Structure formats: structure tokens, C-alpha cells
Amino acid sequence: MILIPIKAFALIEVDITRGNLSPLPLAVSPLSIDDKSRKSFEKILSEKNIGSEISVIVENNLRTSGLFNPLSKEAFLQAPDIANLKPRFEDWNLIKAQALITGKVTYVDEKLRVEFRLWDVLAAKEMMALAFTTVPNNWRRVGHIISDKVYERLTGEKGYFDTRIIYVAEEGPKTQRIKKLAIMDQDGANNKFLTLGNELVLTPRFNPTSQMVTYLSYFKNLPRVYLLDIETGTQEVVGDFPGMTFAPRFSPDGKKIIMSFAKDGKSDIYTMDLENRIVERITNHPSIDTSPSYSPNGEFIAFNSDRSGYQQIYIMKSDGTNVERISFGNGIYGTPVWSPRGDLIAFTKLHKGNFYIGVMRTDGSGERLLTENYYQEAPSWSPNGRVLIFYRETKTNVKGEGFSAKLWSIDLTGYNERLVTTPTDASDPSWSSLLNN
Amino acid sequence: MIFNKIFKNALLVLAACLVLSACATKKEVATDDVTISGQMQSDVYTGTDSVEYLADGVKDRVFFATNESILTTASRETLRAQAAWLRKNSDINVVLEGHADERGTREYNLALGERRANSAKDYLMTYGISSDRISVLSYGKERPVDAGSSPLAWSKNRRSVTVKAN
């Protein structure tokens, strides 16, 4: 899809390892579009000006990252088409933009062709120029891909904008919640419900390598782990277990599902190979062993166990040997999730009546709590390992009213906590890999 | 628990105040707390608020302490009554639905609900009910009976409910 990458020396740099208290001011010029192309896209997509719409997507993405401060378009002095050819850097300097994004959209052979450029305003230099062609329906993704490229060029790390979130949409009273699987773009657009709400569904998780999802469904009142292909809608139950299977996740290569199987009051961890259907038992202990999560190289598994008396986080080799407890702080720990970068484990912690989302190194050292609340859990990593998405539930009043569940995101730094807007209440988010890797 | 003792003593004082109708400003708090203390014992629900009956005098549910699946004396009594009734009604099968309160992670709570229901199942089996007649279903924290966010509400939600399957 990408045609012309032109590398230039990076003068602007954004440090993302610390909380960024002064986001980089930049200008996202509306992508220029000729009249004929504009009308064609208006007809196909019912969007008035796809050039400005794409720039709005880029702007929103960069703003929500917390690392950039897109400036108000009203202050822009230069017209989009001319800016894309050769920006008058003095003008952009005047409004304090340090970087500038310009571009052009055309309708060619029933396709959407986009070119964009990233400029270093202070150095008066082009930093990057890319062009790509795609089907018009992908126009929002174009905005996300531009955002990812800009993020990567300015921070030195991959972006996370061309991604989707699968989650559980919730409605109804707290005692009788109706839950459906739902999927949306990372920025909340294109929300779609994947199940009807006839049965309780929980904990959907993306396959890191394809558009498959694993989740728990109470279909026919038998809580079992299922596999869903979100392109075709086909569903199947995973394995043939004589009892509840739950807490599923994929292995990093996408070939196995790891999950818990509960029987006779104890829960152990099992895997099932999706190709040959071979089921393997990984733990065998009278305690509750659940919430398993593979390390990105597939060699280790982090999991939750109460074998010490309370919920704690353990790691073991992927064959179940060398079990080692890693959480030793105050309180109880659950939902370990291995970072895609491999160096950290995100978790939920309950201490003195409050819930925390935190991270620790894989040996349990360096525990850092990112956010505290009445109730929150189930962190899921952005594919670049920089942001966590999780859900939060509110306390109800004496009459049991005022319950809500919402998705939130927070940077690994503990800064930039944000509500992720969804059409209904929401929980159990899972972040996909980059769609365009 | 020491905390509970202090708490109860405080309640007695407050209750006394109520009788004398001298502590007008604390009245609301006090009435609430008196209700709580009357319906919980060491973290386990002892009231009858949400309880239903399988048959005359046969309660349908038992309650648990936080993170626990141990049966209390009262729970064992309830389950013995259920077992007696099940022995008499040998054509009836049951589902034991295990639940947790909202103060835990979803996945752990699913396992905990399963453990609680099995704790009840084991007890029914020791009183002669065949395991073929009992199935277990955990709802974790998904189906609270009380939507409240108080220790009392949570105590009602930590339960195993025996439901007729046919």
C-alpha cells in the first residue's frame, strides 16, 4: 500500500517514556482535495469533504495520545493545497506549530489516493512523505495509518491507531445485565454489535495474528470458551470439557488458546492447539488458577492463583514447570497481562477497599500503580505497549442506583487517563494488533 | 474481629441514643447500621431478604464470607434440609448456582462461584444425594441479587442457590 517513503533527519523528537506535560504543538492542515474528487467521494461515502474529515481523524488520534497538541485550524494562514506543495514555514512558526502535516486526496480509478507529508517547521524541512491507494470505504483507516506514521516518525515507536477494540456492551439493571460482544475502531468509530444479547458473554480477546476472537459465552447456560471469526461470523466451542471453561487468551503465535477449566471447586490452566485440537493440562493444583497470559515470545505464562491463600500473580514456563510467585506487595493481585514488549506485566490490585491498575517487571520488582478507583480491572495493552485500556464500574447509592461500567485508557506513565466513549455501557476491552503492520 | 466488636459497641450506644431520641443528627446513619448488624455475622449474611424456598421450611440458598467457600453452621443446616427434601423428591434434579460479590476480578469470581457451589454440592452428597442429580453453574459476579455497593449487599450476593432443574 505504501509507495514512497522519504527519510529525513529527525529534528523534532517526542519523549514518550515520561509523562508528557507539554505536548508538542503541531498543525494538521486539512488534506487538499479537488472539486471533482470531492464530489465523487461525497457520492460514494456521503461525507462532504473527505480531505478535512481525514485530517480530523489524525488530529483526534494525536490529541488523545497526550503527546501532541494539534492547533486550532482557525489560526491556519495557508490554504491546504499550497501548504502541501511548499509550506510557508514563517506562517506556521507564527502560530507556534513545531510540526505540520499536509496532504492531498484524489479519486483515481474508483480508488482513494492519499499523499501526505510531515514537515519540521523550525528546521523548515520535510521529514516524511508517503502516498497510498485504497478502496474509498477504508477512508477512516487512512486517517489512522497517517496518525501511526506520524507517531512513529516523531516518537521512534510504532503507533496504535489503526487498531480495533473488542469489548462487552452492557445494558439493563445491574442485577440482570444484558451483555453483547461489540467491536469498534480504536477511536470509537464503526461500532458494531456481534451478538444479540440472548446469552451472557464475557472476556472477548483478540488473536494477535488474525481477526479471530475468543470469549466466554453462557450459550444454553453452559459457560464455555468459544472461538469467533469476526469476518465470517462463524462460532465454535473450544474443546470438549465436562464443566466451565473460562478466562481464554491466545498464544502469541495465535495457534493455541490458553484458558481455565473449573471442576469440583478447583480451576486449572489448560491449552488447546487450534490445528490438531490437542488439549494439554498446564497446572494441577487444588487452588484456583486462572487469568493466564503468555509472554510475547511464548516461553512463559503469567497467571493468577490463590494457592498462597489469596489471589497473587505467578509466572511459570509454558509447559507448567518452574512456578514462581512474583507479587508480594500489600493487597491481592489479579488479571496479569504480559506487555507486547515483554518487559512488564499489567495487573489489577485490590488493597484496602480500592482497585488499582498497575504494572510490574516480570520478576515482580518495580511495581507501579497507575490509577486508583472504587472498581476497575482487566487491563489490555495497546499493541505498542504504551497505553492500557481497562474498565471501571461505579459505586451505587443506598437504593442500588447509579451503576455504570465504562472503558478508560491510561498511559504507561500514569498520565493521560481518558474515558473511551461507547454507545452503551462497556467492559472487558481487548485491543487488537495493528491492522496494517 | 476487633473491628466488629467496636462497631457493635458503637451501635449499642447509637441505639441507646435512638431510644432516648437525643442524637437527632445521627439518626439516619444509626438506623442503617442497626439493620446491617442484625443481618450479618462475621461477614456472612444471616438475614432472609433474598431467600426463597424450595418447599415449606427449605431455604434455597446459603451465604459465604468474603473470598471463602466454607459452609457456616447455618448453611449446613439449610443444606441438610435441602438434602432431606431431595431424598423425598427423588425425581427432582437441581442446579447449584454459585455467585461472588462485585469486589473481585471477573475471572477469579467465576472460579470462586464454582468453588462455592461445589462446596454446597459436596455437602448434599454427604447427605446421600447422588452427584448425577446435581449440576453446578457459576455466575461469578454477573448476577447479584442486591445492586447495592455496601458490605450488606455484597454479603447477600456471596451465595450458592439451589434451583430446581426439572
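With which residue do the side-chain atoms of Arg140(A) meet in a salt bridge?

Reply: The partner is Asp187(A): its side chain and that of Arg140(A) meet in a salt bridge, at 2.9 Å from N to O. (A salt bridge here is a side-chain nitrogen of Lys or Arg within 4 Å of a carboxyl oxygen of Asp or Glu.) Before we go on, note that this is a predicted model, where local features need pLDDT of at least 70 and side-chain atom pairs count only at pLDDT 80 or more, while totals for chains, interfaces and linings use all residues. Residues are numbered from 1 along each chain as its sequence is written, chains are lettered from A and ligands numbered from 1 in the order in which they are written, and side-chain values use heavy atoms, with hydrogens and water left out.

Chain A is split into domain 1 (25-155) and domain 2 (164-431), with bounds that come from an automatic or database domain assignment. Their C-alpha centres are 36 Å apart. Nine residues of domain 1 of chain A and ten residues of domain 2 of chain A take part in the contact, meaning heavy atoms within 4.5 Å.

Together the two domains of chain A bury about 610 Å², with 35% of it on carbon and sulfur atoms. (Buried area is the accessible area, found with a 1.4 Å probe, that two parts lose on being put together, summed over both.) On the domain 1 side, Thr64(A), Arg140(A) and His144(A) lose the most area to domain 2 of chain A, together 54% of what that side buries.

One salt bridge is counted between domain 1 of chain A and domain 2 of chain A. The two domains also share seven residue pairs in polar contact (both at pLDDT 80 or more). (That term means a pair of N or O atoms within 3.5 Å; within protein, one must be able to donate a hydrogen and the other to accept it, and residues adjacent in sequence count only if both atoms are side-chain atoms.)

Helix 2 of chain A leads us to another salt bridge. Glu59(A) pairs with Lys73(A), with the closest N and O atoms 2.1 Å apart. Glu59(A) sits in helix 2 of chain A and Lys73(A) in the loop between strand 3 (68-70) and helix 3 (80-85) of chain A, so this pair ties together parts that are 14 residues apart in sequence. Over all chains, the search finds 37 salt bridges.

Chain B has its own pair of domains, domain 1 (2-41) and domain 2 (45-164). Five residues of domain 1 of chain B touch seven residues of domain 2 of chain B. Those two domains bury about 510 Å² between them, 64% of it on carbon and sulfur atoms. Zero salt bridges are counted between domain 1 and domain 2 of chain B, though the interface does hold four residue pairs in polar contact (both at pLDDT 80 or more).

Finally, let's step out to where the two chains meet. This contact takes 50 residues from chain A and 28 residues from chain B. Chain A and chain B bury about 3000 Å² between them, and 50% of it lies on carbon and sulfur atoms. Lys174(A), Thr175(A) and Ile288(A) supply 17% of the area that chain A buries against chain B, more than any other three residues. Six salt bridges cross this interface. In a salt bridge between the chains, Arg115(B) joins Asp306(A), the closest N and O atoms being 2.9 Å apart. Chain A and chain B also have 28 residue pairs in polar contact (both at pLDDT 80 or more).

Definitions and conventions. Helix = DSSP H or I, 4+ residues; strand = E, 2+ residues; numbered from the N terminus.
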